[in-house]
Amino acid sequence: MRSAAAEAISPFAMDRKVLGGLLFLGIFLFFWISLNPFVDLTLQASASIATDNSNKLNQILFLCLPLASVAMAMATPMRGKLLQPLALTVPIFLWFLLASLVSNHTLNSLKALILSYLVVLGANCCLLLPRSQVHFAKLIAIGTGAVLLLCYYGLYFLPHFSIHSAAEVMEPMHAGLWRGYFPHKNNAASAMVLLAFCGIFVMRAWSKWTGLVLLAGSVWFLLHTGGKTASAMLPAILLLAFIFERFAWLRTAIAFGGVLLVNVVAVGAAVSPGLTSFITSLGVDATFTNRADIWRLAMNAVSEFPLTGYGLKSFWRTEELVYGGTGIETWAVQAAHSHNGYVEILLSVGFPGLILSLIWFLAVPLRAFNRLEKAGPPSHAARLFLRIWLYLLFVSTLESLFFESASGYNLAWFMFALALFGLRYEADAQQVRERPREACAS
């Protein structure tokens, strides 16, 4: 690897740094903002606008940006680390491919699979474009700053598209709550939590005042979204990440045990009357804001195809479901997704797909952080990835975020993939730094 002095005087290195930075920002902003922000929710058709991938420019960018990042990443010394661990990511893709091929909606499922993996590819390659942690922090500051500026711009200049109103078709009860350019207040709230993590990272890794402005702007917006879960999870995840870092013996319990416990309590209450009564006796809404009906319908459908599932994007809002093909009468047939990322995976690709995904989502990052911690204190970037990883792991018990490909909704999947690969890269980087010390000691 070339020295910093050589990098500084090389025009080619400077060109790569500039091009890499621009490409990073292009991918980051494409997945965060999309080409169709500021959806009008007072229109009946607006629900389909936010998830419409038919726009030709959108399709071109969805394909070209990740592929361009691959081309740039292949010019780095880390090109051999793409999509690692391949022994896991390849079988996951192949199983999802099999589930798509046997699905009743093969073309829809294959399209969703390809788009989902393009998000993964873009997130993975993005991490190889910055030249240093400081460069990464600067790019994150620009990207998150642009997102916040657009959200606040909407509040003052496009309030009709940025603040929920009583004239909305689907949920007029949210009138007055901020959503920025996002399609719903909950999407905005979850995004603001991620932006707050980015602000903390910028504050620690590069500029205290820039990071503080980003943090304050995201928290202030979060408080006006009315997102109670997200508002509570921001300090909770910061505390949980602190405990996760300091107490190694609790890490497995937090990652595996925490996700299992929340899913058992939430989804279990939907299928077990006894558990429903127990949760209600604790003063907790056992329906989890009417999600129980959706989970009950989903788990009943899983029992029909427990091995391969229905394929990505091939169950909800299909003709068989909406028009009574299941023989079940419930409002939940109108749902857009499972409102639980783990249930959605189970519904889409069956138990083998869920098991493979859990190994990738839980075991691989946990092992990476344990490796990283043994080499010394985690970097600021590692702490950013840890917070993003933990937050999206737990918020996915109430929302379907994994393998999401729809434009305007895939930013959480993009950030989750960024955290998955980021933790692994940070662990590898720590090991590289340790090798000279080991050589000197020997």
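Which residues form a nonpolar patch on the surface? V18, L19 and L22 do, with about 290 Å² of accessible area together. L19 sits in helix α2. The model shown here is predicted.

## Cavities

Rolling a probe the size of a water molecule over the atoms shows where empty space is left. In this structure there are 4 cavities of 30 Å³ or more. The largest cavity holds about 90 Å³ of space. Its lining is made up of 15 residues, and I33, S34, Y181, P183 and G408 are the closest to its centre. Helix α2, residues 11-33, gives the most to this lining, with 3 residues. By type, the lining of the largest cavity has 11 nonpolar residues, 4 polar ones and no charged ones.

The second largest cavity has a volume of about 40 Å³. R16, M72, T76, L128, L129 and R131 line this second cavity.

## Salt bridges across the chain

The whole structure has 8 salt bridges. One of them joins D428 and K81, at 3.7 Å from N to O. This pair links distant parts of the chain, 347 residues apart. D428 belongs to helix α18, while K81 lies in the loop between α4 and α5. D428 is buried because its relative accessible area is 10%, under the 20% limit. K81 reaches 33%, so it counts as partly exposed. Both residues also belong to a network of salt bridges, together with R371.

E245 and R383 form another salt bridge, with their closest N and O atoms 2.8 Å apart. E245 is in helix α11 (residues 228-246) and R383 is in helix α17, so this pair ties together parts that are 138 residues apart in sequence. E245 is buried, at 12% relative accessible area. R383 is partly exposed, at 21%.

R296 counts as partly exposed, at 38% relative accessibility. D293 is partly exposed as well, at 27%.

Where is S272 found? S272 lies in the loop between α12 (251-271) and α13 (273-281). Its relative accessible area is 27%, so S272 is partly exposed. S272 and R296 are 24 residues apart in sequence, and their C-alpha atoms are 9.7 Å apart in space.

## Backbone details in the loops

The peptide bond from Q84 to P85 is cis, with omega near 0°. P85 is in the loop between α4 (56-73) and α5 (86-101). K81, the salt-bridge partner of D428, lies in the loop between α4 and α5 too.

H339 has a positive phi of about 60°, although it is not a glycine. This residue lies in the loop between α15 (319-322) and α16 (341-374). F403 is not a glycine either, and its phi is positive, at about 55°. F403 is found in the loop between α17 (380-395) and α18 (411-441). Is F403 buried or exposed? F403 counts as buried because its relative accessibility is 3%, under the 20% limit.

Key
Residues are numbered from 1 along each chain as its sequence is written. This is a predicted model: local features need pLDDT of at least 70, side-chain atom pairs count only at pLDDT 80 or more; totals for chains, interfaces and linings use all residues. Side-chain values use heavy atoms; hydrogens and water are left out. On a 1 Å grid over the protein atoms alone, a cavity is a set of points where a 1.4 Å probe fits but cannot get out, and a pocket is an open set with protein on both sides within 12 Å along at least five of seven lines; lining residues have an atom within 4 Å of a point. Grid points are joined across faces, edges and corners, and a volume is the space filled by probe spheres set on the points. Helices (H or I, at least four residues) and strands (E, at least two) are DSSP runs, numbered from the N terminus. Ala, Val, Leu, Ile, Met, Phe, Trp, Tyr, Cys and Pro count as nonpolar, Asp, Glu, Lys and Arg as charged, and the others, Gly among them, as polar. Patches are made of residues with over 30% relative accessible area and no salt bridge: like charges are joined within 9 Å, nonpolar side chains (Val, Leu, Ile, Met, Phe, Trp, Tyr) within 5 Å. Accessible areas come from the Shrake-Rupley method with a 1.4 Å probe; for residues, only the protein chains shown count as cover. A salt bridge is a side-chain nitrogen of Lys or Arg within 4 Å of a carboxyl oxygen of Asp or Glu. Buried means under 20% relative accessible area, exposed over 50%, partly exposed in between (1.4 Å probe, protein chains only).
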